[in-house]
Amino acid sequence: MNELLIGANVSMSGKGMFPGAVAEAVGYGATTLQFYTGAPQNTRRKPVSEMRIPEGLAAMQAAGLSHLVIHAPYIVNLGNTIKPENFPFAVQFMQQEVARAEALGAYTMPMHPGAHVGAGVPAAIEQIARGLNEILRHDQHVTIALETMAGKGTEVGRQFEELAAILDRVQLNDKLAVTMDTCHMSDAGYPVETDFDGVLNTFDHVIGLDKLAVIHVNDSKNAQGSHKDRHANIGFGTLGFDCLNAIVHHPQLTGIPKILETPYVGPADKRLYPPYGVEIDWFRTGRFAPADLTALAEQTP
């Protein structure tokens, strides 16, 4: 039986850098991990020479972690045709981000496709594909994994067909993949909670399961089709533990890393705690115990 590939979004910051991120993931009992190379809301990045890459790779190997996932910052919008002057910088930054992910030995890079900001989905799809054709290189190993989106605002990627249209227009198609986000798909209108097998079948027909690189496992604070994109802790949202546990252990998804991006817990005016150790244990044991998360949130710093 293959070991469950599950992890969480961790931090690569401060003096710890890459080995610090690995240590955090190990502390949660993870077997894989995801992080941003810098703050996701900006494009300021440290040089790779300061990321302590050899130590991080050694720490991953020692702890038995694999399939490193590097998330692209969500501030980059390749789909904005309203402000074409922003496009060259977005392309250049993503070229550099791919180079950073390559240096870190990453497996894949989830990326929000972008938003059309009023110009319409077709125009955004064409420009996103044009940007990816400039970003992707023959000699890169890391794939860019376009993420399924909730459809908030003018987001592109709320339907599998929109992602398929981008893939169809990209020349180096083997360097492109897809990230499934359970919260996003439900918020976009897909019946994740009631018929995930049907959703998976639709994905396979429209995109192809061979293109699925990573799954973001998140509960949702909102109902199916809400287009809100508000993550909830596992078992505390509209999808529920049983639904998400079945996805994590789905026989067709073995070998695909599952990454938690659920909210920290605790009083809003006090210290917040990452829930990942508790949630990963629930998935590993199949035992959902809400009191575990409540105790974590109420602990004394």
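Buried means under 20% relative accessible area, exposed means over 50%, and partly exposed is what lies in between. Keep that handy for the exercises below, which all use a predicted model.

**Exercise 1. H5 against H7**

Task: Describe how H5 and H7 pack, and say which residues make the contact.

Solution: 
- Two packed helices are described by the angle between their axes and the distance between the axes, so get those two values down before anything else.
- For helix H5 (residues 160-169) and helix H7 (residues 196-206), the angle is about 25° and the axes are 10 Å apart.
- Angles under 35 degrees count as roughly parallel, so H5 is roughly parallel to H7.
- The crossing of H5 and H7 is right-handed.
- H5 brings Phe160, Glu161 and Ala164 to the contact, while H7 brings Val199, Thr202, Phe203 and Val206.
- Sorted by class, the contact of H5 with H7 has 5 nonpolar, 1 polar and 1 charged residues.

**Exercise 2. H3 against H4**

Task: Is H3 parallel or oblique to H4, and which residues meet?

Solution: 
- The axes of H3 and helix H4 (residues 121-135) cross at roughly 45° and come within 9 Å.
- That angle makes H3 oblique to H4.
- As for handedness, the crossing of H3 and H4 is right-handed.
- On the H3 side you'll find Phe87, Val91, Met94, Gln95 and Val98; they meet Gln127, Arg130, Gly131, Glu134 and Ile135 in H4.
- The class tally for the contact of H3 with H4 is 5 nonpolar, 3 polar and 2 charged.

**Exercise 3. Ala129 up close**

Task: Say whether Ala129 is buried or exposed, and find out what Ala129 touches.

Solution: 
- Ala129 belongs to helix H4.
- Its relative accessibility is 2%, so Ala129 counts as buried.
- Leaving out residues up to four places away in sequence, Ala129 touches Ile166, Arg169 and Val170.
- Ala129 and Leu163 are 10.0 Å apart in space, C-alpha to C-alpha, and 34 residues apart in sequence.

**Exercise 4. Aromatic pairs**

Task: Count the aromatic pairs, then sort out the geometry of Tyr36 with Tyr74 and of Phe236 with Phe288.

Solution: 
- The count comes to 11 aromatic pairs.
- Take Tyr36 and Tyr74: their rings are 6.5 Å centre to centre with 85° between the planes, an edge-to-face pair.
- Tyr36 lies in the loop between strand S2 (34-35) and helix H2 (53-63), and Tyr74 in the loop between strand S3 (69-70) and helix H3 (87-103), so the pair ties together parts that are 38 residues apart in sequence.
- Tyr36 is buried at 15% relative accessible area, whereas Tyr74, at 43%, counts as partly exposed.
- Next, Phe236 and Phe288: the ring centres are 6.2 Å apart and the planes are at 80°, so this pair is edge-to-face.
- Phe236 is in the loop between strand S9 (231-232) and helix H8 (241-248), and Phe288 is in the loop between helix H9 (276-285) and helix H10 (290-298), which puts them 52 residues apart.
- Phe236 counts as partly exposed at 43% relative accessibility, and Phe288 does at 28%.
- Phe236 and Phe288 also belong to one aromatic cluster with Phe241, Trp282 and Phe283.

**Exercise 5. Buried faces of H1 and H9**

Task: Which residues of H1 and H9 are buried, and what covers them?

Solution: 
- In helix H1 (residues 17-27), the buried residues are Met17, Phe18, Pro19, Ala21, Val22, Glu24 and Ala25.
- Their cover includes S2 and H2.
- After H1 comes Gly29, with a positive phi near 80°.
- In H9, the buried residues are Tyr276, Val278, Glu279, Ile280, Trp282 and Phe283.
- Covering them are, among others, strand S1 (6-8), strand S7 (212-217), H8, strand S10 (258-260) and H10.
- Just after H9, Gly286 has a positive phi of about 75°.

Note on methods
Residues numbered from 1 in each chain as written. Predicted model: local features only at pLDDT ≥ 70, side-chain atom pairs only at ≥ 80, totals over all residues. Heavy atoms only, no water. Axes fitted to C-alpha atoms, helices over the stretch in contact; angles between N-to-C directions. Helix = DSSP H or I, 4+ residues; strand = E, 2+ residues; numbered from the N terminus. Parallel < 35°, antiparallel > 145°, perpendicular 65-115°, else oblique. Left-handed = near helix turned anticlockwise from the far one by under 90°. Contact = heavy atoms within 4.5 Å. Nonpolar A, V, L, I, M, F, W, Y, C, P; charged D, E, K, R; others polar. Phe/Tyr/Trp six-rings, centres within 6.5 Å; stacked < 30°, edge-to-face > 60°. Buried < 20%, exposed > 50% of the residue type's maximum accessible area, 1.4 Å probe, protein only.
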